Amino acid sequence: MATILPTSRSITNWGAILWRERRFCGDKDYAKHLRRTYLTDPASWFYRLTLRHLGRPYAAEVEAALRSACDTHRGIRYYWQDRLNRLDRAKERTLPISKLTANLQDDHWLERFIARHVLLYRGGEAVVHLRGLVLTGSPAEAALATWLILSIGEETRERLANDAEQLLCSDCFVHCHPLEIDAPEKGSVTYYGCRACHQSITFQPWPDGGVVAVLDRKIPPDVVQANNQIRVNWIVRRRLFDFNQVEIIYATDEEVERFAVQVGNDTEEWRNERYGKMICRVSSDCHLSPGTMRILADTFGKVYKKS
Ligand SMILES: [Zn+2]
């Protein structure tokens, strides 16, 4: 299992990014604290002339700018480092998304800051909740939620788009995929996450030996990873995932038929393209009826009995 985190980019123009954040964030207390940060950087009048048309920077840019400012400036480090450490600890806690969206309106500016950046970190998992806030919140809440959706789109694209085809969600064993959400007034926004659960943090590479859908009622582990292969027991999960081969070790006719019905009704393009070419091995110890063997032959490309 691997957590695919944003790379810590070093940003040299952090002063300009933080100036834009202060100018456009719409959070007075937070803006006051940012002001103390950028006052140490080049003159504000210069930024006002050159940056005001750019609008608010995305949330990941803001965070990277704060971290770069801490790395390069002792005074800012003294002021911000503990607060960024607190943000990092908040990312490790799995607070419900509804709690985080409620914290966007907390009385204390630091809680609001942490809520914004933990929602960015949670990424795809937070997008649908944020869209709800766009539709039902006040104009200020809707604007903030829209900015977070756009920020998540940008951050997940940058981090995951290039490798998406090779990444599997560590919970669902389904590929990372471009997903669309309609952000009112902004149109369709693309972000990246698991095609099934939409999370965008924990993935692992597609293994060289492939992913096997195993049907084995004698050995109950859900998932076994060995010999460069991921073996997921459908009998335990009872739902589909992205696999490229099937092994029936020990299962009843009824279980195999239920599995075949799920495959037959599957509408996922990635899998549908593969079922017709897929190899299905049936252990010689597994005595399936001729009717069940026929269903398997109709469902998959090749069916072998193996000893
Ligand atoms: Zn998932």
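The model is predicted. Its chain is divided into domain 1 (2-163) and domain 2 (211-306). The centres of domain 1 and domain 2, taken over C-alpha atoms, are separated by 45 Å.

**How to read helix packing**

- Two packed helices are described by two things: the angle between their axes and the distance between the axes.

**Helix 8 with helix 9**

- Helix 8 spans residues 124-136, and helix 9 spans residues 139-160.
- The axes of helix 8 and helix 9 come within 8 Å and cross at roughly 155 degrees.
- Angles over 145 degrees count as roughly antiparallel, so helix 8 is roughly antiparallel to helix 9.
- Helix 8 passes helix 9 in a left-handed crossing.
- On the helix 8 side, the contact is made by Gly124, Ala126, Val127, Leu130, Arg131, Leu133 and Val134.
- On the helix 9 side, the contact is made by Glu141, Ala142, Ala145, Thr146, Leu148, Ile149, Ile152 and Thr156.
- By class, the contact of helix 8 with helix 9 has ten nonpolar, three polar and two charged residues.

**Helix 7 with helix 9**

- Helix 7 covers residues 109-122.
- Helix 7 and helix 9 pack at an angle of about 40 degrees, and their axes are 9 Å apart.
- Helix 7 and helix 9 are therefore oblique to each other.
- The crossing of helix 7 and helix 9 is right-handed.
- Helix 7 brings Arg116, Leu119 and Leu120 to the contact.
- In helix 9, these residues meet Leu148, Ser151, Ile152 and Glu155.
- By class, the contact of helix 7 with helix 9 has four nonpolar, one polar and two charged residues.

**The sheet**

- Strands of a sheet pair through backbone hydrogen bonds, either parallel or antiparallel.
- Here, six strands form an open sheet in the order 7-8-6-9-10-11. The pairing is mixed.
- Which strands are the edge strands? They are strand 7 (223-226) and strand 11 (302-306), and each pairs on one side only.
- From one strand to the next, the twist averages 20 degrees.

- Strand 6 (residues 211-216) pairs with strand 8 (residues 229-233).
- The sense of this pairing is parallel, and it runs over four bridges.
- Valine 214 stands opposite asparagine 233 in strand 8.

Definitions and conventions: Residues numbered from 1 in each chain as written. Predicted model: local features only at pLDDT ≥ 70, side-chain atom pairs only at ≥ 80, totals over all residues. Axes fitted to C-alpha atoms, helices over the stretch in contact; angles between N-to-C directions. Helix = DSSP H or I, 4+ residues; strand = E, 2+ residues; numbered from the N terminus. Parallel < 35°, antiparallel > 145°, perpendicular 65-115°, else oblique. Left-handed = near helix turned anticlockwise from the far one by under 90°. Contact = placed C-beta atoms within 7 Å. Nonpolar A, V, L, I, M, F, W, Y, C, P; charged D, E, K, R; others polar. Domains from an automatic or database assignment. Pairing = 2+ DSSP bridges.
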